[in-house]
Amino acid sequence: MLGVLLILALGQVAWAGIPVSASSQTVILHPTTAPGLRIDFNYNFQNALPPFQKEPALPGKEVARGLIPTVPPTPLLRNINDKELLLNTDHSRDFVNGKVATYRSTYNGHVFFRDLRVSSIRDGLEIPYRLDLFTYEHFCAGWLDVRSGWAGEFAVAGQRWQLTVVDNLDGEIGRNDTLHLQRLSLVKPGRSIAITPVPEALFVDGHAFTLGFTFKPGESGTIIEAVLTEANLPLGKLSVAARGCSYVCLSNECITAVLDATAGASSIPAGTYRITGCLLDDTPGLLYQPSFIRCDKTVVIEAGETASLDIGPPLRNTVQVTREWNLLRLTYQLLGQAGEQYEYYNWKARPRFAVWNGPVKIGSGTLPFG
């Protein structure tokens, strides 16, 4: 699907009179451990699955069923009493004669099954994945955390980057997947920049590339062949005023631009963008670093002109109060200079509030994060 979109995008660029360079890089992405990609599932109540074709006899046991969204789907059978999860890894619904793997759970606030091994089949090619599964004590609902990806290095203007893609288990790289970029250096690699969804084109270090990904067999397993084809696009400039930030990501329907937040003014292809990422510098002493969630602000870049953007710290704690009859609803948000929202989890020091009627405190409590 992405390959078709890329061909269409290139056709639109050429139709607009913008020449596409023949210069391209082919990067081989090898299997690696990657930042997680979350996939929610719910097979409870009206979504509950009927018994599979063949199941082992489990008299008196509480049993739940589900499907992991590989291609074809991977059936799972949960023996809740014995803390077991059975996966049919040949994708059939025969848990008696089929190829079945058994996993046992631990508990970390949810029922947790670690390092499940599943695969998708595309055009006869087996594409393997590793993932963790989180569910509740009963039934079958929760989420999957895909922990495997594919990574390789490419260069732009003498700068080396690592590119990592994490697939949502369907054997195709497209709009439901995540791309991670990490600047490499001899001193210390930068933090990873997450880009969701995987864009049709990427702008980094002053160069625009259309992206294409193909799964292929490799010598030691399935690989991804990534092709980065350079495109010549009309450019404007964006002056970024950001303190305590490393990178800012701007996206529209066709392209994601990754800008160095410390560079001041940076070139960027003309267009209208949403702010889709702001990577904050590490702050010592925090349990976790605040992470970008969303931003409603748009930025318009005109060819040959300079726009401006203030973003990032200092972050401010805000509470939005709405009234519903005799109830007050308080919504906590951690916001930056562009109105962008961050999440920060520290259960030892949750944000607190108090309600006063003049000098008298009539209520107090804590607020969730994000």
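Colleague: Why does aspartate 123 count as exposed?

Modeller: This is a predicted model, and the values are computed from it. Aspartate 123 has a relative accessibility of 85%. Exposed means over 50%. The value passes that cut-off, so aspartate 123 is exposed.

Colleague: Where does aspartate 123 lie?

Modeller: In the loop between β7 (111-122) and β8 (125-135). Its phi is positive, about 50°, although aspartate 123 is not a glycine.

Colleague: What makes phenylalanine 139 partly exposed?

Modeller: Its relative accessible area is 42%. Buried needs under 20%, exposed needs over 50%, and partly exposed is in between. The value of 42% falls in between, so phenylalanine 139 is partly exposed.

Colleague: Which loop holds phenylalanine 139?

Modeller: The loop between β8 and β9 (141-156). Phenylalanine 139 also has a positive phi, near 65°, and is a residue other than glycine.

Colleague: Why is strand β18 called largely enclosed?

Modeller: Strand β18 covers residues 255-260. Five of its six residues are buried, so the rest of the structure largely encloses it. Buried means under 20% relative accessible area.

Colleague: How do you know that β13 and β18 pair?

Modeller: Pairing takes at least two bridges. Strand β13 (residues 201-204) and β18 have four bridges, in the parallel sense. Four meets the cut-off, so they count as paired. Here alanine 201 stands opposite isoleucine 255 in β18.

Colleague: And what makes β17 and β18 a pair?

Modeller: Strand β17 (residues 245-251) and β18 have five bridges, in the antiparallel sense. At least two are needed, so this pair qualifies. Leucine 250 has alanine 257 in β18 as its bridge partner. A hairpin of three residues joins β17 to β18.

Colleague: How do you know that β25 and β26 pair?

Modeller: Strand β25 (residues 327-335) and strand β26 (residues 341-343) have two bridges, in the antiparallel sense. At least two are required, so they pair. Glutamine 341 in β26 is the bridge partner of leucine 335.

Colleague: Which sheet do β25 and β26 belong to?

Modeller: An open sheet of four strands, in the order β21-β26-β25-β24, with antiparallel pairing.

Colleague: What makes β21 and β24 edge strands?

Modeller: β21 (291-294) and β24 each pair on one side only. On average, neighbouring strands of this sheet are turned by 55° against each other, direction ignored.

Colleague: Where are the cis peptide bonds found?

Modeller: One joins threonine 196 and proline 197, with omega about 0°. Proline 197 sits in the loop between β12 (193-195) and β13. Another joins proline 313 and proline 314, with omega about 5°. Proline 314 is in the loop between β23 (306-311) and β24 (316-324).

Colleague: How much space lies in the largest pocket?

Modeller: About 1200 Å³. It is lined by 32 residues, and the closest to its centre are Gly36, Ala194, Ser291, Phe292 and Glu343. Elements giving two or more residues to the lining include β1 (20-42), β9, β11 (178-183), β12 and β17.

Colleague: Which element gives the most to that lining?

Modeller: β20, with five residues.

Colleague: How does the lining of the largest pocket divide by class?

Modeller: The lining has 18 nonpolar, nine polar and five charged residues.

Technical notes. Residues are numbered from 1 along each chain as its sequence is written. This is a predicted model: local features need pLDDT of at least 70, side-chain atom pairs count only at pLDDT 80 or more; totals for chains, interfaces and linings use all residues. Side-chain values use heavy atoms; hydrogens and water are left out. Buried means under 20% relative accessible area, exposed over 50%, partly exposed in between (1.4 Å probe, protein chains only). Axes are lines fitted to C-alpha atoms, for helices over the stretch in contact, and angles run from 0 to 180 degrees between N-to-C directions. On a 1 Å grid over the protein atoms alone, a cavity is a set of points where a 1.4 Å probe fits but cannot get out, and a pocket is an open set with protein on both sides within 12 Å along at least five of seven lines; lining residues have an atom within 4 Å of a point. Grid points are joined across faces, edges and corners, and a volume is the space filled by probe spheres set on the points. Ala, Val, Leu, Ile, Met, Phe, Trp, Tyr, Cys and Pro count as nonpolar, Asp, Glu, Lys and Arg as charged, and the others, Gly among them, as polar.
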